[in-house]
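User: I'd like to learn how to read a few features of a structure. Could you walk me through one?

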Amino acid sequence: MNNTAASPMSTATSSSGRNTGKSISFATELQSMMYSLGDARRPLHETAVLVEDVVHTQLINLLQQAAEVSQLRGARVITPEDLLFLMRKDKKKLRRLLKYMFIRDYKSKIVKGIDEDDLLEDKLSGSNNTNKRQKIAQDFLNSIDQTGELLAMFEDDEVDEVKQERMERAERQTRIMDSAQYAEFCESRQLSFSKKASKFRDWLDCSSMEIKPNVVAMEILAYLAYETVAQLVDLALLVRQDMVTKAGDPFSHAISATFIQYHNSAESTAACGVEAHSDAIQPCHIREAIRRYSHKIGPLSPFTISFSLTECLPQEWDGFSSLLM
Amino acid sequence: MASAPRPERDLRLLAGCLPPYPPPPPTVGLLSMEQQETYLELYLDQCAAQDDLAPPRSPLFNPVVPYGMYILNASNPDTAFNSNPEVKETSGDFSSVDLSFLPDEVTQENKDQPVISSRHETEENSESQSPQSRLPSQDIGLGLNSSSLSNSHSQLHPGDTDSVQPSPEKPNSDSLSLAPITPMTPMTPVSECCGIVPQLQNIVSTVNLACKLDLKKIALHAKNAEYNPKRFAAVIMRIREPRTTALIFSSGKMVCTGAKSEEQSRLAARKYARVVQKLGFPARFLDFKIQNMVGSCDVRFPIRLEGLVLTHQQFSSYEPELFPGLIYRMVKPRIVLLIFVSGKVVLTGAKERSEIYEAFENIYPILKGFKKA
């Protein structure tokens, strides 16, 4: 597996550190997650292992960078502010993260109002909990924002294209399911790293680090891990579609790879005799996705220097970025 | 269908749907004015009594109320408005039945209002109405003679004393008043919802006891009171009937949670106030207000949430990794609905019961459109 070479941000140490005595694996959960994100009904184990590796590497890098930032501040723990600071360059990803944090706050506010026990618990634990994440984010961005761009994101109501694409894909996927399959699908969708917080923490293996993340920072890391998996699946699906030779279609060489053609699949499958979309994602798709889009994958993508082709091409060809980000 | 996992703790709040027709009340319907006054006093005494007061079957009667309310309001917005504050106490006459929120015209004019027939045992009503669905009764209800209603209303005026909030201009502050003050927006017929009615699960209300309280003294002398000043600056008191919890602050303000109906919330709040009074504080009962009402029901079919979140993007947010239900923010009325794949729906954020019913009626056709076969 040479994914470490493919991903320019990885360090050799993290990969080898994983192989020695690390028995925690999220492979089965990842298989479920990939199904819920658009993969086939039974994603391949090898693909899941590869994805796990990539995500782990990305997170370790992120953690190390965050630890450095914390140290600069002289803090004892990695706080969400450090993570927000690292992501400041990438508007779209940052906005998605902020939206996630707000929804989390909102959901706890609502659920609290429903159950009287929750209401009591919340009162007892000190009533600063409402909108805590929103406050953290707002205060922090306020302090680092020089040009007003970051704060403008709070009012920004633009449609998140990637999120939209994912929603549409899920909708398409579920339309044809019967209720038993749909129930299973919903269970898969509910899986996340934050549900398995303690396993996640062990998997990240922060014990070797001096500065550890606090609770909210762990939430954000779990979310970023999930986002990375989602991104990998998005890109792998694109790559896979690209790889399918549509023998019957004279314009296949001219059609851009940047949009997934769902309506054409019937013709193309008849032409090449291969079921294009019901196969599971293969590790080669993932590797190709990483190779092509490595500078866009992961939370640290704003910081990578990449010499990929898209950077060399004139701006109008860089249609990838709006789709992938 | 195997549905939402453990974290969905709302599930334990979600009881099954109510049967559409509750059992008839034990007492006979029609009462004269004098009888009404006697019952009013009895009712008020009951409020002051200690335990096992709550009508055991009262929640069952709630579903019938809104239809009666809507019909009355549609036909008589003015009289309904005025009659509510007086009425709620008088209808406590049906002892074990929680009819307090019905305007008094209903109890007087029950022969003309078949929609309320399931609650009244007058023979002419029950035989004509009980097997019918609500739809025909709604038609009949709308044909009510408004003059007969206003007559009954004027008869009622002198009867009311004491705990009735004297200001008709803010009937909302009184929990027992269920009719919305403004005429309802045109309602879709009840039968569209196939008789599913949201059940109230939790009511949060506040009241001002209007005197400074010594929390330590209260905690020491009251039963079922907790006070831990280091953790939280209020006494937490619980009573068994109605099963509620109260947070009592030293300023005299109190929050009461856990009741299953507006009347129960008010009753419970009064009981807590009585406890505080008995401990020697000059507690009063000011500005009782329902702050939040939570209802729940089951549409009985699985719902494809992915479709719903796509078509109603501006109102919904669905993050299954975070929470298994879709959060739908309805604008009119301003209610938040939690919609689950299993078909369970939780509605929260209401200040009035009618908002919950209205919100559910709005969402039901939408949910039917995303029914997962």
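Analyst: Let's go through the cores, the chain interface and some backbone details.
This is a predicted model, where local features need pLDDT of at least 70, side-chain atom pairs count only at pLDDT 80 or more, and totals for chains, interfaces and linings use all residues. Residues are numbered from 1 along each chain as its sequence is written, chains are lettered from A and ligands numbered from 1 in the order in which they are written, and side-chain values use heavy atoms, leaving out hydrogens and water.

User: Which residues touch the most other members of the largest nonpolar core?

Analyst: In soluble globular proteins, nonpolar side chains tend to be buried together. A nonpolar core here is a set of buried Ala, Val, Leu, Ile, Met, Phe, Trp, Tyr and Cys residues joined through side-chain atoms within 4.5 Å; buried is under 20% relative accessible area, exposed over 50%, partly exposed in between (1.4 Å probe, protein chains only). The largest has 62 residues, and Leu213(B), Ile218(B), Leu305(B), Leu337(B), Ile339(B) and Leu367(B) touch the most other members. Helix α12 (residues 353-369) of chain B gives the most, 6 residues; helices (H or I, at least four residues) and strands (E, at least two) are DSSP runs, numbered from the N terminus.

User: Why does this core lie between domain 1 and domain 2 of chain B?

Analyst: Because domain 1 (205-290) and domain 2 (299-372) both give residues to it; the bounds come from an automatic or database domain assignment. A second, separate core of 61 residues includes Val55(A) and Phe200(A).

User: How many residues of chain A are in contact with chain B?

Analyst: Contact means heavy atoms within 4.5 Å. By that rule, 40 residues of chain A meet 46 of chain B. Buried area is the accessible area (1.4 Å probe) that two parts lose on being put together, summed over both; here that's about 4000 Å², with 61% from carbon and sulfur atoms.

User: How many salt bridges are there between chain A and chain B?

Analyst: A salt bridge is a side-chain nitrogen of Lys or Arg within 4 Å of a carboxyl oxygen of Asp or Glu. The two chains share 3. Glu319(B) and Lys163(A) form a salt bridge at 2.8 Å, N to O.

User: Where is Pro242(B)?

Analyst: Pro242(B) sits in the loop between β3 (234-239) and β4 (244-249) of chain B, and a cis peptide bond joins Glu241(B) to Pro242(B), with omega about -5°. Lys332(B) to Pro333(B) is cis too, omega near 0°.
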